[in-house]
Amino acid sequence: MIKSIKSLALCGVALAACCTSAAAAAEQWQPTKPIRIVVPIVGSTNDILARLVAPELEAALGQPVIVENKGGGGGLIGTSEVVRAKPDGYTLLVGFNGPISINPTLLPQTSYDPKKDLAPITLAVRGPQFLVVNSKVPVKTLEEFIALAKTRNLSYASVSVGSSSHLTMEMLKLAAHIKMTHVPYRGAGPAVVDLVGGQVDAAFLVPGNIQQYARDGRARLLATSGEQRFPSAPDVPTVAERGFSGFNATSWIGFLAPAGTPPNIIDRLNKEFVRILRSDAVHKQLEEMEFEVVASTPQEFSQWISDDTERWAKVIKAAHVTAN
């Protein structure tokens, strides 16, 4: 009996040692080859963010970090490639609204399920969009804009069909009971050019794409889509405070890995991304780009994706938005 007790004790000590060893190994995950960060859209703030953090991540992990653009299909092509990649920490994704929280409803035939096929690492940054009109549109407030839309067929630009810029305007149309003509573009660049040039009347655009034109008078900011006023434009009200309670539409960018990536790898990557995003130099640059730095936990990012997916699903269904 005593021998049995001693044996059990020894087993317990051995098990504890194994657990301690495993925990230590988990904390010490270290890549042994280059890491690839896939950006599924070309010429975007997603790409800028990836290239901003890549050198810092490379220094922290001791391996090359390569940013690779895989544009096409509104983010579907690059996202699908990461989904199919080996879940070993060497292929990561820069995710955003479109392929992660919008396409599951807009494109139900999509070959992947973001909730099942991707592992959130961190919600990096987020930010509202501005409702903006060109200088030729005779309105200065959201109320005047809505009143004009009820008497004139206004047009609005979006960076693509099914993008947050598209669906945020659809959200406003539903809330304000107005109709407008949608003019989709392939990217923010041409949409902004035509907006400030007067070819289209309005748009919802992220601050970094439009504020310079608001400063020089070629565009006018009417409202912001977030829950709070934007720090760099404190005089611009939110849509919600102008009588549309609950109106909230936020663009975001985060880092994800293929589903099945071991927790110790996710934890290490989260630790490094959060540290980099919160570092003085990177944080300052992101704020200058009009981003709000979040640097969340994987669990918080997962919940954010669920809530965002539900929000856009309601808009897509209510506005009868299709990908065609």
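Entry one: the helix. I looked at α12 and found exposed Gln299, Lys314 and Lys317 on the face turned away from its buried side. I call a residue exposed at over 50% relative accessible area, buried at under 20%, and partly exposed in between (1.4 Å probe, protein chains only). Helices (H or I, at least four residues) and strands (E, at least two) are DSSP runs, numbered from the N terminus.

The model is predicted: local features need pLDDT of at least 70, side-chain atom pairs count only at pLDDT 80 or more, and totals for chains, interfaces and linings use all residues. Residues are numbered from 1 along each chain as its sequence is written, and side-chain values use heavy atoms, without hydrogens and water.

Next I listed buried residues of α12, among them Phe301, Trp304, Trp312 and Ile316.

What covers them? I found α4, β4, α7, β10 and α10 included in the cover. Contact here means heavy atoms within 4.5 Å.

Just after α12, I noted His320 with a positive phi of about 55°.

Entry two: the sheet. I traced 6 strands in an open, mixed sheet, ordered β2-β1-β3-β10-β4-β11. β2 and β11 are at the edges with a single partner strand each, so one side of each has no neighbour in the sheet. Two strands pair if DSSP finds at least two bridges between them.

I then checked β3 and β10, which pair in the antiparallel sense over 4 bridges. Phe96 stands opposite Ile253 in β10.
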